[in-house]
Amino acid sequence: MDAVTNVFRSIFRDREIRRKILIIASLLLVFRFFAYIPVAGVNVAQLQTLFGQNQLLGLLNIFSGNTLANFSLMALGLGPYIYASIVLQLLTVVYPKLEALSKEGEYGRQKINQYTRYLTIPLAVLQAFGMYALLRNQNIVANLNPVDLASFILTMTAGTMFLLWIGELISELKIGNGTSFIIFAGIVGAMPGLLGSTLQTVNEQDILKYGLLALMSVAVVAAIVFFNEAIRKIPIFYAKRVKGSKSYGGQSTHLPLRLNQAGVVPIIFAISIVLLPSLLANYFAGSSNDQLVQIGTFLNTYFNPNGLYYNIVYFLLVCAFTYFYTAIVFNPQKIAEEIQKNGGFVPGVRPGKPTSSFLNYVATRLTVFGAIFLGLVAVLPSMASYATGVSTLLIGGTSILIVVSVVIEIVRVVEVQLTSRNYDRYVN
């Protein structure tokens, strides 16, 4: 706790860090400003009533930072970009040219990011049209002529790309990931209104339930901090070499393998997929076709956010994406090659391929616990609702995980930058 306090104090002393923080805050204010400018032709009052009655839409509204309930210019949020990222990462695994491109360092990452932005545009167009069809079935938007419909779709697509541009500007400041910052700002921005509406329903009989929920929240925050900071230290020894009159090496260090190497990305990916059946159910429910209505009823029965099947699928998707994303960000072969190149070795393990296999074995075992933890955090809202009987508070483990993880990441990045800029002062 003292380390966090010292970092925040140092932020205001370092001119460069302070400048970056102020720029990020200004960009987030721009995002929040545009989040309250509604798209023309939408009955906002009726839309907010619909969101208040539908828990699924309420959950989506939280992650969008209340942009959906207002149906602002940024109502689609970063959803199309997240879907595009999932598609590109899956293609990276199965398409050899993309896989080779991903291994070309910074150039490869920039090209893949460029392809992701290109793919975001058609996905945003499709999602905007789907949103229009859903709202039209609910009589919130009137039938639009082709010109007005094109304007509607273009406005929402432009809002997503503008939001993506803000996220990239934040990422360029190297304080944290811009996408995570945007989602973080959306969740924090939605919290006051959500807590206020929840407190209005509190009565004397519910005080014990809300007290239990508060204790659970504190326990969840503590668990998230513990699992985010938990690492497995792999000892690394460097052989002593003598060159002329000087000796090199002979040192020992460790390779930190994080228990949760994937961060919040698996949950963001999983929730983007698991919500699709529920959205389709809401769309089919207003159809005049009996077969589509039956399909909508089936999907709504088995993919209700409070239902057992929904939470099982959600849990399994989070676990699967945790393994998938960890395999992308953690390359044991490359790490083993770097260790061998610098004359290092893991005690009891031969350099080269055996070291790579050992690191992969350890990382796989760690990922089991990390995946289970992320899965439990993802389904925490349903567990908390079942234990306390409180269903009005939609901020669950996923939101808390994103908020806590972003704050921890900011502190970690700023601390590294402060240390590198003031190395002499930190050593003395």
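1. Let's start with burial. In this predicted model, 43% of the chain's 428 residues count as buried. The secondary structure comes to 20 helices and 5 strands. Look also at how the chain folds back on itself: among contacts between residues at least 6 apart in sequence, 74% join residues at least 24 apart.

2. Now find the sheet. It is an open sheet of 3 strands, paired antiparallel, and the order is β4-β1-β5. Why is one side of β4 and of β5 left without a neighbour in the sheet? Both strands, β4 (252–258) and β5 (344–345), stand at the edges, and each has a single partner strand, so one side of each has no neighbour there.

3. Strand β1 covers residues 231–238 and is joined to β5 by 2 bridges, with the two strands running antiparallel. One place to look is Tyr238, whose bridge partner in β5 is Gly344. Helix α17 (residues 353–378) packs on this sheet, where it touches β1 and β4. The direction of α17 makes about 165° with that of β1. On the β4 side, 7 bridges join β1 to β4, and these strands also run antiparallel. Here you can pick out Phe237, which has Ser252 as its bridge partner in β4.

4. While you are at helix α17, have a look at Thr355, which lies in it. Is Thr355 buried or exposed? Thr355 is buried, because its relative accessible area is 3% and the cut-off for buried is under 20%. Leaving out residues up to four places away in sequence, Thr355 touches Ala336, Val346, Val349 and Arg350.

5. The largest nonpolar core has 57 residues, and the members that touch the most others are Ile170, Ile182, Ile267 and Tyr314. Which helix gives the largest share of this core? That is helix α19 (residues 397–421), with 10 residues. Another core lies apart from this one; it has 19 residues, including Val141, Leu149, Ile153 and Met156.

6. If you set aside its neighbours within four places in sequence, Ile170 is in contact with Ile24, Leu27, Leu28, Gly176, Gly178, Phe181 and Ile182.

7. The axes of helix α6 (residues 79–94) and helix α12 (residues 265–274) come within 10 Å and cross at roughly 105°. The two helices are therefore roughly perpendicular to each other, since angles of 65 to 115 degrees count that way. On the α6 side the contact is made by Ile82, Tyr83, Ser85, Ile86 and Gln89, and on the α12 side by Ile268, Phe269, Ser272 and Ile273. How many of the residues in this contact are nonpolar, polar or charged? They divide into 6 nonpolar, 3 polar and no charged.

8. You will find Tyr325 in helix α15 (residues 308–329). With a relative accessible area of 17%, Tyr325 is buried. Setting aside residues up to four places away in sequence, Tyr325 touches Gln89, Ala262 and Val265. Gln89 is one of the α6 residues in the contact with α12. Although Tyr325 and Gly263 are 62 residues apart along the chain, their C-alpha atoms are separated by 9.3 Å.

9. A backbone detail to check is Lys174. Most residues other than glycine have a negative phi. Lys174 has a positive phi of about 60° although it is not a glycine. Where is Lys174 placed? Lys174 is in the loop between α9 (146–172) and α10 (178–199). Lys174 is exposed, with a relative accessible area of 59%.

Note on methods: Residues are numbered from 1 along each chain as its sequence is written. This is a predicted model: local features need pLDDT of at least 70, side-chain atom pairs count only at pLDDT 80 or more; totals for chains, interfaces and linings use all residues. Side-chain values use heavy atoms; hydrogens and water are left out. Two strands pair if DSSP finds at least two bridges between them. Helices (H or I, at least four residues) and strands (E, at least two) are DSSP runs, numbered from the N terminus. Contact means heavy atoms within 4.5 Å. Axes are lines fitted to C-alpha atoms, for helices over the stretch in contact, and angles run from 0 to 180 degrees between N-to-C directions. A nonpolar core is a set of buried Ala, Val, Leu, Ile, Met, Phe, Trp, Tyr and Cys residues joined through side-chain atoms within 4.5 Å. Buried means under 20% relative accessible area, exposed over 50%, partly exposed in between (1.4 Å probe, protein chains only). Angles under 35 degrees count as roughly parallel, over 145 as roughly antiparallel, 65 to 115 as roughly perpendicular and the rest as oblique. Ala, Val, Leu, Ile, Met, Phe, Trp, Tyr, Cys and Pro count as nonpolar, Asp, Glu, Lys and Arg as charged, and the others, Gly among them, as polar.
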